[in-house]
Structures are given as structure tokens and as C-alpha cells.
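Work through the exercises below with the structure open beside you. Try each task before reading its solution.

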Amino acid sequence: SWVQSQPQLKNCRTDANFLLRFLRMQKFKIAESKAMLEKYLEMRAKHPQWFCKLDICIGALSELVLSGYIFVLPRRDREGRRVIFSVARNIDHTRHTNSDAMRAHIITFEALLADEENQVKGFTYIFDCSNLTLAQLSIWSPSEVRKAFTICEKNLPMKHRDINLLMLPFPLRAVFEFCKTLLSEKIKRRFSVHSTLDRLVDKLGTADILPLEYGGTVPLSDMTAMWVQELRSRREVLLGLDHSPLPVTDAKENKKTEEKQNYIWGLFSTYVL
């Protein structure tokens, strides 16, 4: 295939599920899809501390998911999207690093992208920020925050449709405003800050999909356990992502193959439509 023939994409996955992520994200625009794929692989190669060893059997990752720091609700929202839920305060800044936190997010994202329905519909986010402290945010430096936000918006083939912050403490509003400056206007418009749980529920249209502690029917601990089981079921695929490094190639070689790349990508997009 074209991907396998390109030195800079050596060992890249070539299955339709994987390549369609980038085509769908870029509305089947060939050049943009190709560029995003290369940025994704380059991102993984440059930041192995965040993107490698996405193994739910690793203690820190399992602990963060089971605690509710990040997991996925079992039921979809009324738009048919999977809902990524985070109890942000459930990270121990004395034991967990930003690499632990980032890998907990990335293992969640990569597992969700394996489902093509999620690729199409995108994602809803709920971050419970109640009782979150500056000490817990201290694991991140401003430069690392900038890097993480850039990666999540521009290099991951994910449609971030609806982002909800619940009960954000007043002292952290300045941090939130700083983070917003790192995002595109399109993503900024998708943020909602809810001062109460009732306001979040009003937006969702129901509390049924939420954990019991937030007005639903299933305890949070049961939901996190279910998500761990889903991650375990995808363990081999997630670990297989480590076999897609991005070697460095020179600009001359890349330019030489650009015409061929666009041609083959065009054939592929025609095939998958």
C-alpha cells in the first residue's frame, strides 16, 4: 500500500479503521488527512512518555481510571456520543506525574477511536472540577499544558463536540482562561461552565447516563470497572500502536514522493466513501 511504501510512515497501520479516522476528521480532504496522519505519528515518536505503553495493566493507569479521574460512561448521550467523564480532583499530585495523567487520557482516546461510530459522531466531555486545587494542577508546567492542548486539538483525529466543566472553583478561573487561549475559536465555543449539577443535567436532557453520585442509577465505581474491562479487551491493539514509529526523512525525499502520495490517497478515499 501507499503508507507502507513511504519511508516516513514505516510500520504505520494500514487498516481502514485506522486510516478512516484521519479522512473523517478532515472531511475526506486528501492533503489535510495525509498531513494529520504524519503529525500524529510524529507526535507519538516525539513524546513516548505520553503515548507509549498504553497498558491498563500498569498500576498508575489502572488506578487513575478506577478512581474516576478519567473513564467513559457506559451509555451514550442523546446525540449518540460516548461521554468522557473526569473527576479531576481524583489525582494525587504527590504520586502521579503529568505523564501518568496524559497516558490515562490517551489510552481512553485511542480505545474510543477503535469504534467507527465514535469517529463519526465525536465526543462529549464532562469534567467535574469541584474541589480541584492548584496543588493538583502543579504537575503541569505552562509549556506542558500548551503542548498537551496542541496535541489533543490538532494531532489527534478526534471530534471534540461538547465540553462541560462542572463547578470550576473560582481560584482556577484564571487557569481556565489561560488554557482557552491555547485553543481555536471553534473549540472555545464548545465549552460550557456549569455552576451546579442541575445546570449540567438540563443541558444533557437527563441524569440517567450519569453515575449514581451525580443523579444516575449506576455507581461510579461500577462504571469505572466497566471501562477498565473495555480497555483490557483492547489491550493488544493499544500496545500495538507502539510499533508505528516515525523515522526522520529529509525534505528532498518527502517532496519527491508528494505527487504519488496524493494520488494514492485519492484512490483510497474514493474506495472508502
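## Starting point

The protein chain has an accessible surface of about 13100 Å², and 55% of that belongs to carbon and sulfur atoms. Accessible areas come from the Shrake-Rupley method with a 1.4 Å probe; for residues, only the protein chains shown count as cover. This is a predicted model: local features need pLDDT of at least 70, side-chain atom pairs count only at pLDDT 80 or more, and totals for chains, interfaces and linings use all residues. Residues are numbered from 1 along each chain as its sequence is written, and side-chain values use heavy atoms, with hydrogens and water left out.

## Exercise 1: the whole chain

Task: find how many helices and strands the protein chain has, and what share of its residues is buried.

Solution. Start with secondary structure: there are 15 helices and 5 strands. Helices (H or I, at least four residues) and strands (E, at least two) are DSSP runs, numbered from the N terminus. Next, burial: 48% of the 273 residues are buried. Buried means under 20% relative accessible area, exposed over 50%, and partly exposed in between (1.4 Å probe, protein chains only).

## Exercise 2: strand S2

Task: decide why strand S2 counts as largely enclosed, and which strands it is joined to by bridges.

Solution. Step one: count buried residues. In S2 (residues 82-87), 6 of the 6 are buried, so the rest of the structure largely encloses the strand. Step two: check each face. Arg82, Ile84 and Ser86 are buried on one side, and Val83, Phe85 and Val87 are buried on the other.

Step three: list the bridges. Strands pair if DSSP finds at least two bridges between them. S1 (residues 71-72) and S2 run antiparallel, joined by 2 bridges. S2 and S3 (residues 123-128) run parallel, joined by 6 bridges. Step four: follow phenylalanine 85.

## Exercise 3: the nonpolar core

Task: name the residues that touch the most other members of the largest nonpolar core.

Solution. A nonpolar core is a set of buried Ala, Val, Leu, Ile, Met, Phe, Trp, Tyr and Cys residues joined through side-chain atoms within 4.5 Å. The largest one has 70 residues, and Ile84 and Leu210 touch the most other members. Helix H6 (residues 98-113) gives the most to this core, with 9 residues. Now list contacts (heavy atoms within 4.5 Å). Beyond four places in sequence, isoleucine 84 touches residues including Phe71, Phe109, Leu112, Ile126 and Met158.

## Exercise 4: arginine 75

Task: is arginine 75 buried or exposed, or partly exposed?

Solution. Locate the residue: arginine 75 lies in the loop between S1 and S2. Read its relative accessible area: at 47%, arginine 75 is partly exposed. Then look along the chain. Isoleucine 209 is 134 residues away, yet the two C-alpha atoms are separated by 5.8 Å. Leaving aside neighbours within four places in sequence, arginine 75 is in contact with Val83, Asp208 and Ile209.

## Exercise 5: positive phi

Task: what are the phi values of phenylalanine 28 and lysine 53?

Solution. Phenylalanine 28 has a positive phi of about 60 degrees, although it is not a glycine. Phenylalanine 28 sits in the loop between H2 and H3 and is partly exposed, at 25%. Lysine 53 has a phi near 55 degrees. Lysine 53 is in the loop between helix H4 (48-51) and helix H5 (59-67), and is exposed, at 56%.
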